[in-house]
Amino acid sequence: MDMSFSQIYDEQKSMVWGLVSRYVPLKQDREDLYQEVFLKVFRSLKHFRGEASVKTWVYRITVNTSLSYLKKKKRNEALMSALSVFNVFSADDKQIELDEDVFKPLGKLNPRQRMVLILADIEDQSLDNIADMLNVPVGTVKSNLHRAREIVKKELEKNG
Amino acid sequence: MDKYGEYLNKIRGTGGQPDFDRMYENIEAKTRQDKVFSSAPGIVASLAVLFIAGLLYYFIFIPVSGDPVRSYVFEKDTVENDLVASYVFMDDGTF
């Protein structure tokens, strides 16, 4: 591995930021997720054997870290929401995720549907590539994408 | 362009330009913590070796009760400069 971490950072930072900022709407979440991605890159750099290009490798880390991040966040929100019933946390403590109108339709999707839609329709990745990155069959990607498009279109119709 | 296409373009336009240098500094600070934590097992191993060496030294070189390995000549009696007796004090308290 000839590349240093700082070189990888300089070359891949825009790509990583582009993907995470399309995946999560809040600035703080984006920055947290972005930093988490590069920490993973740093930690796994010694295991990188160069079988794929650095860009592909970082892209794959970004996709999987983003998915885990959103799943974890949703779990935490569900817990906070459950605790708010018992007045452990007030409603004001709950972070409002979708503060931008543009993210409201995407907010209706589960983490995997959201990622599949972004990868397929915004990042223009092939279904085979997406299946490979997410480690799921192509059929699963297709059904997730179909369902995600349906939900988003329905939301767009509803909101005029 | 249909609504869905317009919507995708809106999503493409989100993000803006963040402060990459500041975020790099944060990442670097966390990687420094990683380095400190990764050296911790080495420090613990060194301390363990020192501890075991200390224990071995104690059990091998420090006498246990009833097993004297050291004695001290604490007094000598001489007659006209000829040594006639040495009083030897053993570790177990006997002469």
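This is a predicted model: local features need pLDDT of at least 70, side-chain atom pairs count only at pLDDT 80 or more; totals for chains, interfaces and linings use all residues.
To zoom in on one member, Val16(A) touches Tyr34(A), Val37(A), Val58(A) and Thr62(A), leaving aside residues up to four places away in sequence.

Next comes a pair of helices in chain A. Two packed helices are described by the angle between their axes and the distance between the axes. For α5(A) and α7(A), the axes come within 8 Å and cross at roughly 90°. Angles of 65 to 115 degrees count as roughly perpendicular, and α5(A) and α7(A) are therefore roughly perpendicular to each other. On the α5(A) side, the residues that meet α7(A) are Arg112(A), Gln113(A), Val116(A), Leu117(A) and Ala120(A). Their counterparts in α7(A) are Val141(A), Asn144(A), Leu145(A), Arg147(A), Ala148(A), Arg149(A) and Val152(A). Sorted by type, the residues of this α5(A)–α7(A) contact come out as seven nonpolar, two polar and three charged.

Most residues other than glycine have a negative phi. Asp124(A), however, has a positive phi, near 55°, and sits in the loop between α5 and α6 of chain A. With 8 other C-beta atoms within 10 Å, Asp124(A) is exposed. Asn135(A) also has a positive phi, near 60°, and belongs to the loop between α6 and α7 of chain A. Asn135(A) counts as exposed too, having 9 C-beta neighbours inside 10 Å.

Then there is the partner chain. Chain B has two helices and two strands, arranged along the sequence as α-α-β-β. Where the chains meet, 20 residues of chain A and 18 residues of chain B take part. On the chain A side, α1 (5-23), α2 (27-44), α5 (111-122) and α7 (138-158) each supply at least two residues. The largest share, seven residues, comes from α2(A). By type, the chain A side of the contact divides into 11 nonpolar, three polar and six charged residues.

Conventions
Residues are numbered from 1 along each chain as its sequence is written. Chains are lettered from A and ligands numbered from 1 in the order in which they are written. Two residues are in contact if their C-beta atoms, placed from the backbone, lie within 7 Å. Helices (H or I, at least four residues) and strands (E, at least two) are DSSP runs, numbered from the N terminus. Ala, Val, Leu, Ile, Met, Phe, Trp, Tyr, Cys and Pro count as nonpolar, Asp, Glu, Lys and Arg as charged, and the others, Gly among them, as polar. Axes are lines fitted to C-alpha atoms, for helices over the stretch in contact, and angles run from 0 to 180 degrees between N-to-C directions. Angles under 35 degrees count as roughly parallel, over 145 as roughly antiparallel, 65 to 115 as roughly perpendicular and the rest as oblique. A residue is buried if 20 or more other C-beta atoms lie within 10 Å of its own, exposed if 12 or fewer, and partly exposed in between; C-beta atoms are placed from the backbone.
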